[in-house]
Amino acid sequence: MNSTPLLVTRGLQTGYRSGGKKILVSGELPDLTIRAGRLICLLGPNGSGKSTLLRTLAGLQPALGGEVVIGGKSGLSSAERARQISLVLTDRVGGSNLNVSSLVALGRYPWSGWLGGLDDADRDIIRRGIAAADIGELLERKVHTLSDGESQKVMLARALVQDTPMLLLDEPTAHLDLPSRIRLMRLLHQLAREMNKGILLSTHELDLALQVADEVWLLQNAGPLHKGAPEDLVLGGVFEAAFEKEDVDFDRATGVFRIHREGSRRIRLIVTATGALAAFWTRRALQREGFAVVDEEGGNTIVIGEQGGRPIWVLDAGDGGRQYNSVADLIEALNHLRLP
Amino acid sequence: MRFAPRWRWTGLFLLLIGALLLDLSAGAVRIPLREVFHILFTSSAGDETWQFIVEKIRVPKACVAVLAGCGLSIGGLQMQTLFRNPLAEPGVLGITAGASLGVAAVMLAGGSMATLYAIKELGGGGSWLVTGAACIGAAGVMFFVLMLSRRVRDNVTMLIIGLMISSITIAITSIWQYFSNPEEVKEYLLWTFGSLGGVSGGQLLILAITIVAGLAVAFLSSKMLDALLLGENYARSMGLTVERARLIIICSTSLLVGSITAFCGPIGFLGIAVPHLARGAFNTANHRILIPACCLIGSTLLLLCDSIAQWPGSQTVLPINIVTSLVGAPIVIFLLLRTRKLKPF
């Protein structure tokens, strides 16, 4: 799976200059590589330097040290870089009477003539970009009338029309509802696979990133950047360690963050062979109510069984056991009992 | 109202011709259109006075109106796009204020009688002295702005710096006025009312060359202007060198606005309004369309304003700077309320 590297960094330092002083934003950066056909997710808390790294790789701001080598060359002019990297930023494009089709056509900027004229080949690429991002019905709309999700797709289409080997996206899923987020991630994954693009995106959507990324770059507030396959990072405990510093618990078993801290009330959960799904969701409800689900005998016990194809819950609080037909009833009973 | 773009161009062009003829015909001496045609195409007319008025006064004045209409509108369009601000106008860079300072320096210079005499002899607005001073003032401010623009990375900062330079320049001019005697201040005030007349011969040639040069630069930079619509970051990511683009755009605007202010005095409103009218008329943001559209609409409007200034039959002529605002501002308000297409940024 070692396709050609499109972009390589050597000893890169990112940050900004203020009053002649260099202020480093990210900690140590290892040498980073973006390869064709691979989707990389850049994760990290606010202020960890995700945008700064992305902007530095894209050439929007100068590196404080080291170099970014694109296509085997470093120190590219902005015109050369524009033929290698296209961007989707968080900047909102307001309008000035701009409609979607003109905006998307502007993606041909690095390739068009000195007055911006387009030929048939350009128009063909524009058509394909519009089809890939599925914005056919938005073309006549004014940019300022688009919703956040539509706007994001339009900016993606513009980036595709720029027709570069690499695509960098800064928090493309921000402001999107859940289905749009999932569709966008799926689309990006397809683009990497089918159009052989190297894609780097920063995001806060850890669960989506874990599912879709070929590689994860994990930035922390002051700390080295970890990179690797998402599964390797989870198994190696890197995620847990990284988020522990942020005072957030990452559950390796489920791949999600725990909102509820382990409670003091203890309860045992016994699951029959068919009740695994019900057990998962019961456990979530119990955690929300402040129970620690333990595996020890002697205390209160919930047995999950099945009756007529539906799960049932039997709560044994030392009084022989009572049966409940929904999680809500079970929780209400538990709270009513005022268990220690 | 949906017309194919070709018909919109034709319509605007016919409007321009109409405004041109109206402007040639209207004035203290009303000359019938048929006579105007005669004079223009056969250069002979029954009345020699009419021929003199048309050839020596009205044709040059109409030419100036067309040039100034184009220049101010394009200057405004460029500033609105560069600063991504619908309220930007050519004055935001302080160039108009710079020209005013130059003129004030000449007119109010310590009450020197020689200067005043020179102005009166050569005739207020059109004198080489005033024009030269305005040019130097505009060029000085422009040079200063360009110097600063190379050190500034983003356009919003540039906008604020331009406004501040404008304020400083206006303040200096005001101090000068404060310490001058009333007669000199009146002369200066008359200049600030603007005038399309009095530019002819060599001056008209210089004005025309400068405006054509400025317009050419503007048209050649239309691709850059399009990219800037997406904001500086996207523009940069598409390969635009934002600093260089800004330099070129400021140069073009300065040439256009500086020369017009120098020859005609300040003319308000056109620079801010015409770009909005052009966007509404063609429903586009593409500068290859907006630039010629601004030229057509701008020159038509200024010709109409000039015709109104010479209220038919009346002997007095209203200052052009006042007419442009009085006539133009309500038009823009009306259009903004009637169509929502003008939503700018």
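Trainee: Is the crossing of H4(B) and H12(B) left-handed or right-handed?

Mentor: Welcome! This is a predicted model, where local features need pLDDT of at least 70 and side-chain atom pairs count only at pLDDT 80 or more, while totals for chains, interfaces and linings use all residues. Residues are numbered from 1 along each chain as its sequence is written, with chains lettered from A and ligands numbered from 1 in the order in which they are written. A crossing is left-handed if the near helix is turned anticlockwise from the far one by less than a right angle, and right-handed if clockwise; for H4(B) and H12(B) the crossing is right-handed.

Trainee: At what angle do the axes of helix H4 and helix H12 of chain B cross?

Mentor: Helices (H or I, at least four residues) and strands (E, at least two) are DSSP runs, numbered from the N terminus. Axes are lines fitted to C-alpha atoms, for helices over the stretch in contact, and angles run from 0 to 180 degrees between N-to-C directions. H4 (residues 95–107) and H12 (residues 242–264) of chain B have axes that come within 9 Å and cross at roughly 35°.

Trainee: Which residues of H4(B) make the contact?

Mentor: Residues are in contact if their C-beta atoms, placed from the backbone, lie within 7 Å. H12(B) brings B:Ser254, B:Val257, B:Gly258, B:Thr261 and B:Ala262. On the H4(B) side, the contact is made by B:Ile95, B:Thr96 and B:Ala99.

Trainee: Which strands stand at the edges of the open sheet of chain A?

Mentor: The 6 strands of this sheet have the order E8-E9-E10-E5-E11-E12, with mixed pairing; two strands pair if DSSP finds at least two bridges between them. A strand at the edge has a single partner strand, so one side is left without a neighbour in the sheet. Those strands are E8 (85–88) and E12 (226–228).

Trainee: What is the bridge partner of A:Cys41 in E11(A)?

Mentor: E5 (residues 39–43) and E11 (residues 215–218) of chain A run parallel, joined by 4 bridges. In E11(A), A:Cys41 has as its bridge partner A:Val216.

Trainee: Which helix lies across E5 and E10 of chain A at about 155° to E10(A)?

Mentor: Helix H1 (residues 50–58) of chain A lies across E5, E8, E9 and E10, running at about 150° to E9(A). The helix you ask about spans residues 178–194 of chain A, and its name is H6.

Trainee: How far apart do the C-alpha centres of domain 1 and domain 2 of chain A lie?

Mentor: Domain bounds come from an automatic or database domain assignment, which for chain A gives domain 1 (5–251) and domain 2 (265–337). The distance between their C-alpha centres is 45 Å.

Conventions
Two residues are in contact if their C-beta atoms, placed from the backbone, lie within 7 Å.
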